[in-house]
Amino acid sequence: MATFEPVIMKGIGESDLADIDVYERGGGFSVLRKVMSDMTPDAVAAVVTESNLRGRGGAGFPTGRKWSFLPKDGRPRYLVCNCDEAEPGTFKDRMLLEKTPLQLIEGLVISAYAMGAKQAYIYIRGEFLEGSRIFRRALAAAQSRNYLGDRILGSDFSLDLVVHRGAGAYICGEETAQLESIEGRRGEPRLKPPFPAVAGLYGMPTVVNNVETLCYVKHIIERGAQWFAKIGPEKSPGPKIMSVSGHVRQPGNYEIPLGIPARELIDEYAGGLLPGRKLKAFQPGGASSAALFEEDLDVGIDFDSLAAKRTMLGSGGFVVMDDTACMVNCARTLTRFFEHESCGQCTPCREGGQWVARMVARLEAGEGSQEDLRVLNVINNTITGTNLCPLGDSIMPFLSSVLKRFPDEFAAHVAHGACPIKDVTAVVA
Amino acid sequence: MSETKMVKLLIDGQEVTVPDGTLVVEAAKQLGTQIPVYCYHPKMDPVGLCRICLVEIEKAPKLQIACSTRVTEGMVVRTMSPKVAEARRGVLEFLLLNHPLDCPICDKGGECDLQDFTMEYGPGASRLTEPKLHKPKRVDLGPTIVLDEERCILCRRCTRFDNEIAQERNLVVVERGHNSLIGTIDGGDYESYFSGNTTEICPVGALTSKAYRFRARPWDLSHADSVCTQCSVGCNYRVDARFGNIMRTFTRENSDVDGGWICDRGRYTFNYLYEPARLREPLVRRDGDLERASFAEAVALTAEKLGAAAAAGRAGVIGGGRLSDEEAFALQLFARKVLGTNNIDHRARLQRYASPARFGARLRDLDDADLILMFGAITPEQAPILDLRIRRAVARNAAHLVFVGPFKPDLAVPFHYVEYATGAIGDLMEALADALKRGAQPQGAFAIDLARNLNEASKIVAVHNGRNPVAASALEQLIETLLAVGKRGGILVVGSQGNARGAEAVGCVPNLGPGYAPLANAGMTTAEMLTAAANGKLDALFIAGANPALTFPDGALARKALESVPFLAVAEQVMTETAAYANVVFAAASQFEKRGHVTNLEGRRQAFAQAVEAPIYVATDAAIVSALASALNKPDVLDDDPDWLFSRLQAVEQAAKPAEPLARPKLDPSVTAHGDNLDAQRKTFTVVPVPKLYAGGGPSLHDPGLAPMRPQARASFHEDDALLLGIAQDRVVTLTGPNGSITVAANVGTSAAVGTVLVTADMPEAPVNRLLDASGRGRVTVTPAPLRKEALA
Ligand SMILES: Cc1cc2nc3c(=O)[nH]c(=O)nc-3n(C[C@H](O)[C@H](O)[C@H](O)COP(=O)(O)O)c2cc1C
Ligand code: SF4
Ligand code: SF4
Ligand code: SF4
Ligand code: FES
């Protein structure tokens, strides 16, 4: 059994942390109190920078550095909390939103204070209806106790938080598309530069941070930068929630110290593979990440180790596929997802994505050709790295990695018009 | 001025030095290196979507888009490396996957960027093996455009034009990903005065103009560099003809004038030439009916009558604002040197001045103005491309826009509306100019506001309609005062006709010769000539390119004059309300059938070339007046050759000694420029004529291209007045003034001020000039038409 003591998942499932009395009894808002009475914004930001916290939303950008890019020019600045979690295989933010919304609020208020934002937004994925209700109740409770609103806890700092709900587009998780959406336009990524820190929401300096990132801020302030920095690898420190799904005995969210081997996550945390099954592939960082295989099980789960393997930690969606999984079927699911979610601005993502999805669907249906395989093997060059936002670069990694590793499985679909695996089990992320 | 930093970079091994911040694609242009683009358009913000412009930049980990990457010192760019070629081939392959390839029947075939770039950089064949995806093929996007969604490559130039340039925000992308379509925000029509520009900037044949669809192939077209005369902006354009018939017009960028755009009125007005209404030979009235006649007969008859009237000092000439500078010059030569009269006036509308006497501004001055004052001029309707500059200044530079006038116009950008009754603007401006000059606080909330705006602004451009002489001179005083304290600024006067300013400048006014040279004996103004004719004191009138029956403010007077004058000759392109009264009608050549110069509202004289031949019995206005001069034994005074006329004009203008400030065209004695009180009882309503871009008689009435856009004549009331009068939206009402009445449908809203009724101007079916006097003023009673029974049930 895993031994790591949960940090932001602590108490989840044991008591109702969405109840403000319960949350306060467990020490909730004491960090905010301490910050408001004893710390300057710069001091808070300095601790976060020192902790080396890297964003938990996918790109892993150092949070303190991101905050430091805000120009000090007197213009209003905004904090946007990204809770649009829609990456297949990732389901941690939803849990944090529903189970411990007050922890998120506390982290968010502390972060807004550190960067001097008087106005914050939380962008909640449209499908999280229950989560948004829970969050609104928690927000009202926090406001009634002056953890938010005017002159928080008697200080000079005021903060207003607007709840903005999405409408079912994955691309609105991308930070600049999210800003467009909040502004009332079509959710589509903006051309960068300028980056949001310089010209973000309504053209003002803006920081977009993930839910999980903001939750850790609270604990870093409470326990100190060094506590955090000493967990896991030096350049990729801290705990992180991994959403484990697919062919394991106990799918679910697990908070791990970064750096542990993939094998440990599967076996110790997620209960191991199903009886009698063999590992075939796993995706360490959600739908956008390239697959790894049996021989990669010792790779450390952290930003840099995974990048070295040409895949990524992403948002921590860890999908396990055993020997009953059909790789063509998995690739079909994912390419279909990206085809459907492309915002349509860029030619390679829009047109290439659609073409790839059609080819893979045809392969799965047993109607593919050798020509399809030839095209799929080279099309990566023109689809990946040629788009405006990373979604376009997410179409090919999984497909390319399994095509390279299991060429025979793809070829068999062409040769026999059907999957060679008996009793295929679909992977449910 | 701070000096722009220059940076040096290498593009494909060639060194180039450009200002810091230049886009790589623009820097490459300087070397003659073309980087293909689709979404990029030099007039719009780069968005970087189509990805065709990917290039290799040393030290960058991935290919970069040339359309939005800015140059830096020492940058090394490769636009033709194998990696770049592969990316381009990829993008083209993607774009062509589901493209219908209707090149053989596509309007854009031969001038299509998808065709051209595929030839140059694309793959020879598609690797797509399944059926192409299909999309709607003939989408009726609005009155001017049909969209083929399958040809669309989703570059979004059209939607961005509508958002960024037109500021109208109607065209949008609907749906997502490869299902994306171009549509309107509410699913309604794409209606815009600027819609035609989207068909031009569309890199493929997706947006096709209804006027040109399937009519020609680009390689069959002849081109003539011309200038639009549909309004006084004078946008430069190209006229494309096929076998002698005009097929389309196309922008021809002059960044000082049009910024590379034209409006739909300008773009689509030419098909009237091929309509039955077009006059193709002279007409002479015989036994009460206008009948076909030879040019010789028309000239002989006109010379005889006009000559006799002139000999008795009882002849007059109206027109010039729709002719070229050369011809307007010829027209006044004809009046002065052949007929021996100064009775010549181009003003057949409410406008009195076509230029400011001092402090003329340039169109470009609008670009960096921080305060724009619109005095009565409704720029979207009267000078559309000028309005685009205002839109940009307001939207991009946060220029402050103030409209002062008798009703709230429909403008595309936010503005401050100051309601000021007709006529009273002059008083207001006078008081304001006076207060500013004395450094005193002006009276009234608005004047105080405006004075503050003026004080805060550093560059002020006033756009005036040239109607109110008191306002015009007060405006000049105002600018003078502002210039004196170190501010910048000037005045633009929107012309009432395309070449109003040219006509004024070459002497088509009773008291000024060419070059604004004051004359000793002023002749009669249009109003005076019409009054004299109505009273039997004028024996003959010659009217060229003017339609006073419809446009002269006092329509009753105009019609009485045209009816009473013993002899009337009119030179026109199509039958008009005025020509219907004539004894002789000359079939006049259009702008497209001749060459010469025109002068736009800022005083810029621009040459235009001939695009097509006129029908055989159609003559230019210059040819008509020089034939008349010959028939009157003065063949040396005039020549119809534009070059001869132009060199004479230049010589005369150089010799002219204009006064400083410029002497003003003579005013009608009837003009009362001062304020008018509204009827507090609201038994009568003050009539405010409202210009509309597509209204008018003549060519615009008969052009099939404009027909779908033609407005309905309307009377608009303030909602409080409507309540009082018992009028609902669309109710038919009769407006009755002292000299006539019109019946129109009502609009109810808040754009009209209380006590006024707005009436669409220049509509032959309901001429507002039946309700006005010579100074454009009128009061009417309002009678709702009885409701039909079924409407009551
Ligand atoms: C297609 C796409 C989807 C994304 N979805 C999310 C999301 O659902 N939640 C999230 O926090 N970040 C998402 N991101 C990453 C954000 O753009 C951004 O990097 C992140 O919110 C920054 O927060 P962090 O620094 O705290 O990680 C997405 C990025 C892309 C390209
Ligand atoms: S890469 Fe895809 S999702 Fe991202 S901006 Fe381009 S089209 Fe939209
Ligand atoms: S219609 Fe033309 S201009 Fe508009 S997006 Fe499509 S290709 Fe571009
Ligand atoms: S703005 Fe005036 S000059 Fe320009 S195209 Fe339109 S009508 Fe012609
Ligand atoms: S022209 Fe550069 S991305 Fe379209």
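This is a predicted model: local features need pLDDT of at least 70, side-chain atom pairs count only at pLDDT 80 or more; totals for chains, interfaces and linings use all residues.
Let me start with ligand 4, where, of the 13 residues around it, B:Cys228, B:Cys231, B:Cys235, B:Cys263 and B:Gly266 come nearest, a residue being near a molecule if its C-beta atom, placed from the backbone, lies within 6 Å of it.

Residues are numbered from 1 along each chain as its sequence is written, and chains are lettered from A and ligands numbered from 1 in the order in which they are written.

By class, the shell around ligand 4 has 9 nonpolar, 3 polar and 1 charged residues, where Ala, Val, Leu, Ile, Met, Phe, Trp, Tyr, Cys and Pro count as nonpolar, Asp, Glu, Lys and Arg as charged, and the others, Gly among them, as polar. Ligand 4 lies between domain 2 (128-274) and domain 4 (363-493) of chain B, because both give residues to its shell; the domain bounds come from an automatic or database domain assignment.

Turning to chain A, we have domain 1 (20-229), domain 2 (239-322) and domain 3 (327-416). The C-alpha centres of domains 1 and 3 of chain A lie 35 Å apart, and 8 residues of domain 1 are in contact with 7 residues of domain 3, contact meaning C-beta atoms, placed from the backbone, within 7 Å. On the domain 1 side of that contact there are 6 nonpolar, no polar and 2 charged residues.

Between the chains, the contact takes 26 residues from chain A and 27 from chain B. On the chain A side, α13 (327-341), α14 (347-364), α15 (370-378) and α16 (380-383) each supply at least two residues, with the largest share, 8 residues, coming from α14(A). That side has 7 nonpolar, 13 polar and 6 charged residues.

Finally, in helix α2 (residues 30-38) of chain A, the buried residues are A:Val31, A:Leu32, A:Val35 and A:Met36, buried meaning 20 or more other C-beta atoms within 10 Å of the residue's own, and exposed 12 or fewer, with C-beta atoms placed from the backbone. These four cover an arc of only 130° around the axis, so they sit on the same side of α2(A), the arc being that of the directions from the helix axis to the C-beta atoms. They pack against α3 (41-51), α6 (101-115) and α9 (211-223) of chain A, whereas A:Ser37 and A:Asp38, on the other side of α2(A), are exposed.

Definitions and conventions: Two residues are in contact if their C-beta atoms, placed from the backbone, lie within 7 Å.
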